[in-house]
Amino acid sequence: YTVGAATQGLSNYLKKNFAGERVRVAVAHDSRNNSRMFAERVADIFASNGFQVFLFDALRPTPELSFAIRELKCHSGVVVTASHNPKEYNGYKAYWTDGAQVTEPHDKNIIAEVAKITDVDMIETGKNPENITILDEKFDEIYLNKVHELSLSPESVKKHHDMKIVYSPMHGAGVRLVPESLKRFGFTNVQMVPEQAVIDGNFPTVESPNPEERKTMSMAIDLAKKVKADLVLATDPDSDRIGVALPDENGEYVLLNGNQTLVLLMTYQLTRWAELGRLNGHQYVIKTIVTTEMVDAVADYFKVKCYECLTGFKYIAKIIRGHEGTDMQYIGGGEESFGYLAGDYVRDKDGVSACSLAAEAAAWVRDTMGISLYEWLKQLYVKYGFYQEGLVSVVRTGKEGAELIQRMMVDYRANPPKEILGSLVVKINDIQTLESFDVRTGKKTHLEQDKSNVLQWYTEDGTRVCVRPSGTEPKIKFYFGVKATLPSVADYEKVRAELNDKIERIKKELKLV
């Protein structure tokens, strides 16, 4: 009933928006329990409303649904998934004509239409099954060919095609397309974690199918140790997020955080674009407001514009949409929560292309520098500065908790910290009022982005703290960014420990631990 009401409400909204047109929609789902049943119900309701429906024949990555909307000139689309959440959950993601998740004003307007569905008889079902077209492996070919267009170093892959790669689809939708994409890029030695290649919505080998967590990645890392893999890749159940683990000089596997993965992928893209003569001052990249500032440093070096937006890929997609029809070209973008998008033919994070580019980057650094991807990451810290990030989520449950979180934000606006660890706060960004305040001069400038209840504090020594109440949970999140000079790769562990210690001291000073 919930899925039915959501779909009928969305259908009513689409009819209002595209009156006089034959509405076209695409529908996909992941491996979760009942996902197929829900997806078929969604397709049935759309068809019963007279829409032309494209339904995938089995589970597919979320980015392929985004691609399908654009490729098949659809007005909307739905994917049934709860992404990387535990098995108890399922979810419903609605997309708009550009292949991105809906943003304002459509989000609120769709919910208003859904709220009007108060009876099961208001939901159209069981009509016009002929309106449903099934998408099969032939459509995958079109998507995979697009992913392959992102390839930048085929010669390097040819030399290191047998590089050992371990991949886990986490019981989900990446199971066929990620290995197939790696194969098209030229990799011949990809081993899947057999236990996690079983499609199962109960996710029997993990507590939570989230590649951000080491525990979730442990089976893939164990296999990598056994076969001495050069690279460990994983995707979450709907294959939009990417997890990466790399061997260090002692053969121990280091799980990268989302910021590190993003920096590697983006720096690889920008470096190769520059070498291939593709950069002409009309390119741009995107990151979210809580993502590492190392992205800005890399973009500055390559003289590429870096846009900043709110957390969530729909905001990255919004910036891409805003540049359509201009001479500006999107290269890549991402967020710290393990999402990356290269190229603009998809408008959501894409684990399929991200895995392929991560593997290609590993082959390229080995070919051109004779080093590992992990060693290259350290060299990037020497070149651009060592950026380290941290996160604290303060949970406050119930109605009182929600009120307390709102009060905290009011207090922080009224009395922001004057200094953090003895370094003066020199700039305050308030994303709610879209004002950037220069503390030293008293000057205020307007921020060009969407509004959100977020505060950012910047200090003289390059520290940044972002405060953001969660939009979905009873918690307030504090994101920390600190940086230092890394004199040489040999100093990596020492400086990393110092930066982590600095983050811990900031947490104590702000009374968060």
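1. Ground rules. The model is predicted, so to speak: local features need pLDDT of at least 70, side-chain atom pairs count only at pLDDT 80 or more, and totals for chains, interfaces and linings use all residues. Residues are numbered from 1 along each chain as its sequence is written, and side-chain values use heavy atoms, with hydrogens and water left out.

2. The second largest pocket. About 450 Å³ of space lies in it. A pocket here is an open set of points on a 1 Å grid over the protein atoms alone, where a 1.4 Å probe fits, with protein on both sides within 12 Å along at least five of seven lines; lining residues have an atom within 4 Å of a point. The volume is the space filled by probe spheres set on the points, which are joined across faces, edges and corners. There are 21 lining residues, and Tyr307, Glu308, Leu447, Glu448 and Gln449 are the closest to the centre of the pocket.

3. What the pocket lining is made of. Strand S12 (305-309), helix H11 (313-322), strand S17 (423-430) and strand S20 (455-459) each give two or more residues to the lining of the second largest pocket. S12 has the largest share, with 5 residues. Helices (H or I, at least four residues) and strands (E, at least two) are DSSP runs, numbered from the N terminus. By type, the lining splits into 8 nonpolar, 4 polar and 9 charged residues. In this count Ala, Val, Leu, Ile, Met, Phe, Trp, Tyr, Cys and Pro are nonpolar, Asp, Glu, Lys and Arg are charged, and the others, Gly among them, are polar.

4. Thr288. Look for this residue in strand S11 (residues 283-288). Thr288 is buried, with a relative accessible area of 0%; buried means under 20% with a 1.4 Å probe, protein chains only. Its side chain makes a polar contact with the side chain of Thr291 at 2.6 Å. A polar contact is a pair of N or O atoms within 3.5 Å; within protein, one must be able to donate a hydrogen and the other to accept it, and residues adjacent in sequence count only if both atoms are side-chain atoms. Not counting residues up to four places away in sequence, Thr288 touches, among others, Glu308, Cys309 and Ile316, where contact means heavy atoms within 4.5 Å.

5. Helix H10 (residues 294-301). Its buried residues are Met294, Val295, Ala297, Val298 and Ala299. Their cover includes helix H9 (258-275), S11, S12, helix H13 (373-384) and S15. After H10 comes Lys303, with a positive phi near 55°.

6. Strand S22 (residues 475-484). This one is mostly covered, with 8 of its 10 residues buried. Strand S15 (residues 386-395) runs antiparallel to S22 and is joined to it by 10 bridges; two strands pair if DSSP finds at least two bridges between them. Glu389 has Gly481 of S22 as its bridge partner. S21 (residues 464-469) is also antiparallel to S22, with 6 bridges, and Val467 is partnered with Phe478.

7. Two other buried residues. Ala234, in strand S8 (residues 231-235), has a relative accessible area of 0%, and its contacts include Tyr167, Pro211 and Cys355. Ser76 lies in strand S3 (residues 76-80) and is buried too, at 0%. A polar atom of the Ser76 side chain lies 2.8 Å from the backbone oxygen of Tyr95.

How values were computed. Buried means under 20% relative accessible area, exposed over 50%, partly exposed in between (1.4 Å probe, protein chains only).
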